[in-house]
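Subject: Structure handover and notes

Dear colleague,

I am passing on the structure below, together with notes on what was found in it. Please read the notes with the model open beside you.

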Amino acid sequence: MKFSDLHPNIKIRICTDFFTDLTQKTILPFMAIYLSTQIGAGWAGVFLTVNILASMFAGLGAGYWSDRIGRKKLMVLAQSLQVFALICLAAANSPWMNSIPLTCFMFLLSSISSGITVPIASAMIIDVSSDKERQYVYGLQYWTTNVAITFGALLGGLLFEPFRFLLFSLVCVESIATLLILIFFIHETMDSQQHLSTDLPKETRRTALANTSKKARKSNLKNVIDTYKTILQDHRFMVFFTATVLAISLELQLDKYIAVRLKNEFTAELLGFQVSGVHMFSAILMINTVLVALIAIPFAKWMSHLQSRTIITVGLLLYTAGFATLAFSNWAWLLIASAGILTVGELMYAPVRQVILAGIIPDSNRAAYMAADGLSYHLAALLGSLGLTVGTFLPSYMMAGLYVTMGLAALYFFRISLRAEDGRQQNFSYVDAS
């Protein structure tokens with residue numbers, strides 16, 4: 001499998017997503033700090049919560065409509081909104097204007113635009129990829145996203161405070177370029193006849209398509225609610241959804257309970273240097289990021305002989321063991337080793353998770369299912385925050401036991417999801433990502 005073998009839409013999306021992630025990560029991690037200094041920490045928290053909710057509901061609506069009117073139209077609309085929001089953000093932080101209300105409102109519009117784009121872009125990749133290609137595609141996406149986040153955060157740290165107008169302007173230029181690429185190079189991937197049997201007579205198919213269009217025009221809020229109610233009643237998907245929430249909530253413990261615990265409990269001398277808990281937390285993040293950037297693609301190639309059931313089992317066991325150790329240990333070298341172990345586990349399970357998802361969702365509601373899957377990240381974030389609260393009452397060894405329980409439960413549910421697909425002969429092995 002080579003990059004050149006992929007569908008043009010996928011190649012374009014991987015490249016544009018890399019630069020979008022790179023530029024957006026120069027802004028997003030620092031907006032909470034910026035807003036807290038401008039409007040206070042309390043109001044900043046409320047505003048960011050509203051942003052998350054707005055993005056979530058925008059994604060749910062976009063997922064529903066994308067399955068009915070097509071992917072490209074909504075993606076172009078969302079990217080146009082993104083361009084408008086970023087132009088105004090740059091203006092609101094320019095040498096000629098410093099408007100906090102305009103900054104907040106345009107940041108909200110930018111979040112809504114991102115919420116619309118994510119499930120549609122994910123559905124588009126499934127539309128034009130085969131089972132064998134998806135493992136390579138998701139592995140490549142995982143690598144490019146992490147590299148973009150790393151360099152974006154570094155660039156943002158250098159430019160956000162002293163050169164905010166320049167930074168917003170650069171992000172705006174990237175967004176305009178992405179919009180032009182979407183308009184002129186991306187092709188619609190949702191076949192209006194993909195849900196109709198080709199065995200039906202031509203006249204019958206035409207009538208069915210007319211009825212489908214008529215039904216789509218009459219769709220309203222009730223149709224949207226009914227669609228997601230059907231998704232909630234999909235047993236296979238909800239099992240997978242539960243596994244995802246549990247697995248991702250472990251990851252989100254890192255910058256919450258684990259970070260706070262290390263700050264309060266850890267101190268050591270390492271190689272002649274005094275290392276605080278904050279230093280160790282930074283080292284863990286650095287190890288995770290650097291390992292992903294350096295070994296993700298070669299690692300995928302090395303794992304090519306294993307089946308997905310083996311990959312996700314070993315991966316989640318390593319992932320869980322790493323986080324459980326970080327929850328209680330204060331031995332510096334063990335913490336460093338655990339950071340490497342959980343990263344290897346993450347590299348194993350994360351791409352397979354995406355392939356399982358692509359295999360269990362029906363063709364007729366791909367974008368809606370991808371939007372519903374996005375809810376798992378919001379629930380995981382809630383559990384991540386809850387872990388910080390629970391950690392004030394439980395000793396660290398009990399938190400480690402809780403992490404082990406969550407990781408094993410996630411593994412159990414993922415394996416159930418895989419068993420549900422055995423009849424469809426989906427053997428998701430790693431492919432050569434070189």
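**Overall picture**

The protein exposes about 20,400 Å², of which carbon and sulfur atoms supply 68%; accessible areas come from the Shrake-Rupley method with a 1.4 Å probe, and for residues only the protein chains shown count as cover. Please keep in mind that this is a predicted model, in which local features need pLDDT of at least 70 and side-chain atom pairs count only at pLDDT 80 or more, while totals for chains, interfaces and linings use all residues. Residues are numbered from 1 along each chain as its sequence is written, and side-chain values use heavy atoms, with hydrogens and water left out.

The secondary structure comes to 16 helices and two strands, where helices (H or I, at least four residues) and strands (E, at least two) are DSSP runs numbered from the N terminus. Of the 434 residues, 50% count as buried, a term that means under 20% relative accessible area, with exposed over 50% and partly exposed in between (1.4 Å probe, protein chains only). Among the contacts with a separation of 6 or more, 84% are accounted for by residues 24 or more positions apart, contact meaning heavy atoms within 4.5 Å.

Helix H1 (residues 8-24) has 17 residues and reaches 24 Å from its first C-alpha to its last, close to the 24 Å expected at 1.5 Å a residue; the expected span is 1.5 Å times one less than the number of residues. The buried residues of H1 include Ile 10, Arg 13, Ile 14, Asp 17 and Leu 22.

A search of the whole structure finds six salt bridges. One of them joins the side chains of Arg 71 and Asp 127 (2.8 Å, N to O), and this pair links distant parts of the chain, with Arg 71 in helix H4 and Asp 127 in helix H5 (residues 100-127), 56 residues apart. Arg 71 counts as buried at 0% relative accessibility, as does Asp 127 at 16%. Arg 71 and Asp 127 also belong to a network of salt bridges that links them with Asp 67 and Arg 366.

In helix H11 (residues 254-265), Glu 265 and Arg 261 lie four residues apart, about one turn of the helix, and their side chains meet in a salt bridge (2.9 Å, N to O). Here Glu 265 is partly exposed, with a relative accessible area of 41%, whereas Arg 261 is buried, with a relative accessible area of 3%.

**Nonpolar cores and buried positions**

The largest nonpolar core has 82 residues, and those with the most contacts inside it are Tyr 228, Phe 237, Tyr 403 and Phe 414; such a core is a set of buried Ala, Val, Leu, Ile, Met, Phe, Trp, Tyr and Cys residues joined through side-chain atoms within 4.5 Å. The largest share of this core, 14 residues, comes from helix H14 (residues 332-360). A second, separate core of 24 residues includes Leu 86, Cys 104, Leu 167 and Val 171.

Not counting residues up to four places away in sequence, Tyr 403 touches Leu 250, Gln 253, Tyr 257, Ile 258, Thr 320, Phe 323, Ala 324 and Ala 327. Tyr 319, found in helix H13 (residues 308-328), is buried, with a relative accessible area of 0%. Tyr 319 and Ala 247 are 72 residues apart in sequence and 8.9 Å apart in space, C-alpha to C-alpha.

Asp 373, in helix H15 (residues 366-390), counts as buried at 3% relative accessibility. With residues up to four places away in sequence left out, Asp 373 touches Phe 237, Phe 240, Phe 241, Thr 244, Arg 353 and Leu 357.

Best regards

Methods: Salt bridge = Lys/Arg side-chain N within 4 Å of Asp/Glu carboxyl O.
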